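Please read the points below with the structure open beside you.

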Amino acid sequence: MAHFKVNQKDIFFILKDQLNYGSLCSLERNKDLNEKTLDMLVTEAISFARGVVDPLQEIGEKWGVKFENGKVSCAPEFRKAFKQYGQDGWTAAARDTKYGGQGFPHMMRIVINDMMYGACQAFNMAASLTHGAAHLIESFGSEAQKRLFIPKMFTGTWSGTMCLTEPDAGSNLAALQTAAFPEEDHYKIKGSKIFISWGDHDLTENIIHLVLARIDGAPEGVKGISLFIVPKVMVNPDGSARGPNDVVCTGVEEKLGLHASPTCALSFGSKNECIGYLCGQANKGLSHMFQMMNAARINTGVSGMTLASTAYQNALEYTKARIQGRDVAGKKPSDVPIIDHPDVRRMLLCMKAMVDGMRSMIYTGAFWQDYALELSDGDEKRHYQNLVDFMTPIIKAYCSDMGFRVCEMAIQCLGGYGYCKEYPIEQYLRDAKIMSLYEGTNGIQSMDLMGRKMRVNAGAPYFAYKTEIQKFLQVNKEHPQLGENVEHLSNVFKRIDQMATELKDKMTADPLQWASNTYPALLAFSEITMAWRLLDMGIIASTAMKQGKENDFYIGKVLQAAYFTDVTLPHTLATVETCLREGREVVEMPIKGF
């Protein structure tokens, strides 16, 4: 039975009614497209996710990953689906047409990933990593590198990875030890990487690794890191295979979830025969890789959100069908579906608001990204760039954490059955947990938000965000139906703004105390962003109802906004106060006192 569930009306409400995503077709890059074409792409993505990717969830969980004699093998169905995914254009839907892309707006990659990750997180990671690696080459590689690698990656003939983490250099990339030694027109690569998602497999003929390494003699720290293209199988200029490239998988991790996704330890150059090609400028590898890392951070948030989405939809379906217990008010003569029970309804409404708010937050950030990338240089372009910069750690951290929490709540709705493999939600929970750890833990994201994003370019990322939310609050403060909720959000934001100023000062004056409060501060910013996006949808729905379109769908948008605002923002305000308290227990606790 198909597990993947999505409410298509919710998707299009955000895209069309809230964002007017058809307006992206006015950008020069998208001038040959129209909104109907975008609608068709979304519909086809949902269809492909349901028909091709959804069955892989159960297949992959049962098959897992086999590691024998130094080789990794995956379910045969994964190979067929990966090839079809690439050939049908999903990998490169939002890439330029020069190397085989479809030329759709950049945000459509996020919408596609919403569907594909929800249908099978483990599988779509391979496609998403391939897209990111190919796009790195597209952005920074030589013309010869682009012609050689990108088309085969886009079509699913080859796949790609990002190789950053090392045994003694996790999030601290300045400490990486993988080395690159110049030799003619290439480099000899020597080192080890760990926790490499889809680092080895049998889905494709070749795997193109994008590897961070330090050129022999380069400066220590992050300023000496370069980016290299390292194929698993060496290739000739015409793309034909030349033979193994001394890249060996030395182990596959046994994990809580994502059992169908091989997480590998890789050895490069154990026989001193591994060849890599410099991608971009020497010693600029980390700044180049940040393009893929930031995209991966956004996609980690997408993963958390979409797993939460299908978990909620499965829980909703179950609670409508499961008959148990009497109506607590005694108004119905017989046992009722458990969706009638107030505590179940509370959980469903909470999940509904969380999913809709997170999806709106992510899609809005993706929408802004198109303007950040495609507008001509100037103040407006910089404004959108700053918005995307500010939103990235919020999307990554909040949606990964809350995605896990929603999956937990969905299990609660099913009672004991939610804990059983008979239903898919327990797998969503296990698969979702890694998202708060991927691409820099959420604690690291919070330090980025409350540190760099508050200070870089005189605080431009925060001021761009502040401008947008204040504009919304000013325009809607007297809304007849949700005006009080908007005013509530306005009051909380004023206190958060004060918190941001105080914490920015504390970063220099008392960095340990500052760092102990960055994560709750990120939660506070995330919750007001959620309230903003939900209220925006509620106001749009309220307008539609005034125009005679009143129905349960629009009522749901209004009620979820009111509920989230009234129930969450008091906690947000309390969180802000905890960030500003003077207690120093976190930093003063002796190690032996723990």
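1. The model is predicted. Thr392 has a relative accessible area of 7%, and buried means under 20%, so Thr392 is buried. Leaving aside residues up to four places away in sequence, Thr392 touches Asn294, Arg297 and Ile298.

2. Next, two loop residues. Asn20 is not a glycine, yet its phi is positive, near 50°. Asn20 belongs to the loop between helix H1 (8-18) and helix H2 (35-63). With 40% relative accessibility, Asn20 counts as partly exposed.

3. Asn457 also has a positive phi, about 50°, although it is not a glycine. The loop that holds Asn457 runs between helix H11 (442-455) and helix H12 (460-476). Is Asn457 buried or exposed? Its relative accessibility is 59%, and exposed means over 50%, so Asn457 counts as exposed.

4. On aromatic rings, the count comes to 23 aromatic pairs. In one of them, the ring centres of Tyr465 and Trp532 are 5.8 Å apart and the planes stand at 80°, so this pair is edge-to-face. The pair links distant parts of the chain, with Tyr465 in helix H12 and Trp532 in helix H15 (residues 518-549), 67 residues apart. Tyr465 is buried at 0% relative accessible area, and Trp532 counts as buried at 3%.

5. One aromatic cluster is formed by Phe48, Phe78, Phe82, Tyr85, Trp90, Phe123 and Trp198.

6. Finally, charges over rings. Lys66 lies over the face of Trp63, 3.8 Å from the ring centre. The charged end of Lys433 sits over the ring of Phe404, at 5.2 Å from its centre.

Definitions and conventions:
Residues are numbered from 1 along each chain as its sequence is written. This is a predicted model: local features need pLDDT of at least 70, side-chain atom pairs count only at pLDDT 80 or more; totals for chains, interfaces and linings use all residues. Side-chain values use heavy atoms; hydrogens and water are left out. Buried means under 20% relative accessible area, exposed over 50%, partly exposed in between (1.4 Å probe, protein chains only). Contact means heavy atoms within 4.5 Å. Helices (H or I, at least four residues) and strands (E, at least two) are DSSP runs, numbered from the N terminus. Rings of Phe, Tyr and Trp (its six-membered ring) pair if their centres lie within 6.5 Å; planes under 30 degrees apart count as stacked, over 60 as edge-to-face and the rest as tilted. A charge sits over a ring if NZ of Lys or CZ of Arg is within 6 Å of the ring centre and within 35 degrees of the ring normal.
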